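Hi everyone, thanks for making time.

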Amino acid sequence: MKPVSFRVSAAGFSIVEAIGTLVVSALVMGALTYGMGGLFSQQANPAVTYNGAAYTRAPSFDDFHQAIDLHTALSGAVDAADNIIVLGGTRSHPAFDPTGPSSALAENFADTALAAAAGEAGSKLFSSWDQRQINSSQFSSYLTSNPDPADFTILTVQGLSQITSVTHQRRRTAVIDGRSLALYEVTHQTVDWRSGSPVLTANSVTGTTPTYSYRFYYALAEDVWSMPPGATHYWYRADAAWDRDQEGPARVVFADPFALAGQDSGSSLSPVSRFVYFLPQLR
Amino acid sequence: MKTESHLARGRGKRAFRPGSNRGMASFAVLLFAIVSVMILMANFKLNYAVSATSDAYDAFSSQVVEKNGLSQAVKESILAIGETAIANSGGTLQQEIQNRLSSMSFGSNVTVSIDTALPVPSVPANAFYPFGTPPGSSQPSYFSASACTRPVAGMGGLFTSLCMLGPSADLGRLTVTFDRTNSASPEDARTYVVNADLFSVPLTNVDVIAYGLPITGSIPSAAPAVPPGFFGDGVSCLVTTSNNPANDSTAYPDLFASSGGERLPYQYRNAVSFSWNAYEYLWSPTYQNALLGAALIAPNAIYNFSTSFDPSNLQPFPGITVSPTGASVTVDCSAVTGSIVALVDPNGTGSVTITGSPAPGSPFILLVRNTSGVRTPVTFTGSNSRPAIFYLENSSVQFSGAPQIEGALFLDPTTTASGNVTWFGHFSFYGPASPLGTLGITMADTPAVKSALAPLAPRVLLVSTNATR
């Protein structure tokens with residue numbers, strides 16, 4: 001027969017041992033839960049609602065997936081465009097508006113044609129500034145007031161007059177549930193001209209317009225970038241005498257829903273968006 | 001025999017019962033461990049999905065860059081063969097593309113090659129007077145075909161801004177196919193198809209050009225000053241100047257690389273074709289001698305001030321009247337019958353008077369060729385309604401009585417001009433030596449004149465390329 005004491009310890013815990021085990025387990029589980037919570041807080045996407053639209057917290061994989069769809073469509077539209085008009089951002093004209101931010105178009109701009117440009121000479125439309133002037137009567141009621149530096153509108157155009165896509169980025173700040181947030185909204189509306197008449201193309205899966213969109217937010221304090229979202233216009237020259245308002249490619253930085261913002265001045269690492277373009281005014 | 005419980009009670013302790021309670025604690029720990037592992041795996045998969053999606057998007061973006069690079073290579077290859085310039089390649093289009101392809105860099109494991117199963121076409125001739133009959137031309141339209149062109153929407157703003165200025169000829173579309181392979185990722189194999197649309201555009205479609213000669217002369221560092229009223233309504237103009245703000249006060253340093261030699265951005269490629277390269281060719285012996293050769297063939301006319309003439313025949317050609325001394329010639333534009341009149345003044349001893357034509361008529365070319373150091377005086381004494389192309393080399397041009405003239409006025413780098421004139425059509429001059437300080441000229445955009453001049457005008461090959469993947 002084996003010693004009794006051995007059999008007792010092997011058969012079960014004493015109350016003290018059981019309590020100790022539970023306490024230790026609770027501590028371990030608590031620590032793990034706390035660690036997991038911290039680890040996955042980046043993937044936790046508590047949504048907020050602003051102006052009737054849901055914004056998820058960055059980084060958001062769902063929004064990232066939508067962003068990929070949007071930027072693939074935008075790249076295609078840019079590739080097929082004759083002209084690309086970028087409204088908003090800084091330096092929309094080196095002399096008349098060197099610092100900006102200039103006005104973008106309101107998000108309800110859904111025109112499919114630029115009537116005034118149709119009869120213009122293409123040689124005089126080498127800048128988005130010229131396009132803004134020529135189409136001023138059409139744009140004027142849509143131009144945003146107090147634009148954010150991150151706001152812009154991109155129109156891709158064929159044949160001077162046919163708008164083939166409209167892309168907007170908007171940045172808004174708001175206090176929601178006691179938190180100061182920077183909310184980004186990016187939308188892309190495709191226009192289909194294949195039938196000869198323009199059709200605003202809905203999303204093939206969701207059936208909604210704009211064709212693609214994503215919306216997310218950062219904590220306002222984290223919304224600091226080395227290359228901030230927004231448009232920057234670059235110029236070759238501005239020559240009124242010879243009609244040479246010649247704009248170079250505009251650098252357009254879209255907000256990236258799966259990039260962590262928050263520039264750390266003490267770090268060599270800088271947050272940068274995956275979605276950066278140099279868009280030429282003319283292709 | 002005592003049981004364990006008896007023993008426990010005998011020691012005054014309460015035993016923790018083995019069985020369900022102990023199992024529940026173990027199960028809880030196990031469940032927590034499983035959930036933790038699952039969450040860790042989910043997190044890993046999420047990060048992997050983000051990475052894979054990012055890689056896929058990067059691959060897509062890289063391929064867009066690749067195909068656009070190939071588009072540019074095909075365009076430059078076509079221009080190397082067919083551009084209106086003083087030097088063209090004698091190679092085939094495939095050779096030219098291959099040369100450029102071999103100097104291009106692609107990502108690791110990526111190979112791009114011409115698809116040899118689909119032969120690379122040859123570049124069609126861009127014929128123009130006097131080397132051949134240019135193809136039929138018509139005013140292009142963006143969204144519908146014109147008589148001689150396809151719709152041009154989608155061919156790019158840099159292309160359409162020049163080909164829409166007047167009648168153009170559609171030389172068709174060339175297609176070149178490339179195979180892209182990635183040895184590390186076979187699923188990334190792609191076929192790039194580059195479509196090149198070629199148009200023949202009369203140089204006279206641009207109303208005003210202040211040209212440069214980068215090889216035989218210089219380029220204008222800045223655009224010439226223009227007097228008030230020089231540009232009439234709708235007048236198109238072209239000048240390609242330095243991009244250095246130090247040279248041209250209208251330039252901005254935004255994209256200017258101050259180190260190394262100055263390079264114009266590719267945005268100016270088509271403008272350079274029109275305002276630099278075409279004029280190198282236009283004033284070259286190749287073109288000028290070809291015009292003289294054409295003038296030797298009846299019913300065209302040629303008169304040389306340095307050779308003896310027949311005093312009994314002071315009207316050797318229709319519309320050409322020679323003075324009794326033989327030192328001056330009067331051209332009556334209304335009476336010229338040929339396509340070209342050439343007046344050769346190798347010693348700078350002659351003078352020319354142009355009386356113009358009050359009535360419209362078929363276009364012709366008037367060439368004043370002077371290779372001496374002394375300019376030939378050329379005086380326009382009357383208005384002209386018969387479109388003509390005036391090539392004036394080393395001349396001293398005077399407009400008398402402020403005439404109104406339809407046509408194209410090409411001034412070479414050494415020609416000077418004075419007086420006042422209203423010009424309907426095309427005017428080009430050497431940018432670094434602008435005559436606008438002494439010449440009072442008002443330009444008017446006149447589509448009818450452009451159309452009339454198109455059959456005789458020098459032409460520029462305009463290329464638009466676009467690639468699909």
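**Parallel strands in chain B**

Okay, let's start with a pair of strands: β11 (residues 364-369) of chain B is joined to β13(B) by five bridges, and the two run parallel. A quick word on terms: two strands count as a pair if DSSP finds at least two bridges between them. Strands are DSSP runs of E with at least two residues, helices are runs of H or I with at least four, and the numbering goes from the N terminus. Across that pairing, I365(B) sits opposite I389(B) in β13(B).

Before I go on, remember that this is a predicted model, where local features need pLDDT of at least 70 and side-chain atom pairs count only at pLDDT 80 or more, while totals for chains, interfaces and linings use all residues. Residues are numbered from 1 along each chain as its sequence is written, and chains are lettered from A and ligands numbered from 1 in the order in which they are written.

Back to β13(B), which also pairs in the parallel sense with β15 (residues 404-411) of chain B, over six bridges. There, L392(B) stands opposite L411(B) in β15(B). Buried here means 20 or more other C-beta atoms within 10 Å of the residue's own; 12 or fewer is exposed, anything in between is partly exposed, and C-beta atoms are placed from the backbone.

**An open sheet**

Now for an antiparallel case. Chain B has an open sheet of four strands, in the order β1-β2-β3-β18. At the edges stand β1 (110-114) and β18 (459-468) of chain B; each has a single partner strand, so one side of each has no neighbour in the sheet. From one strand to the next, the twist averages 25°. That angle comes from axes, lines fitted to C-alpha atoms (for helices over the stretch in contact), and angles run from 0 to 180 degrees between N-to-C directions.

Helix α3 (residues 93-102) of chain B packs on this sheet and touches β1 and β2 of chain B, with its direction at about 165° to that of β1(B). A contact means that the C-beta atoms of two residues, placed from the backbone, lie within 7 Å. As for β1(B) and β2 (residues 169-182) of chain B, five bridges join them, antiparallel, and V110(B) is opposite N182(B).

**Zooming out**

Chain B as a whole has seven helices and 18 strands. Its radius of gyration is 36 Å, well over the 23 Å from the globule rule for 469 residues, so chain B is more spread out than a compact globule. That radius is taken over C-alpha atoms, and the rule is 2.2 Å times the number of residues to the power 0.38. The C-alpha atoms fill a box of roughly 160 × 50 × 40 Å along the principal axes.

Where do the chains meet? 50 residues of chain B are in contact with 52 residues of chain A. On the chain B side, α2(B) gives the largest share, 15 residues.

**One residue in chain A**

Last stop: I85(A), in strand β3 (residues 83-87) of chain A. I85(A) is buried, with 27 other C-beta atoms within 10 Å. Beyond its neighbours within four places in sequence, I85(A) is in contact with S128(A), Q131(A), L155(A) and V157(A).
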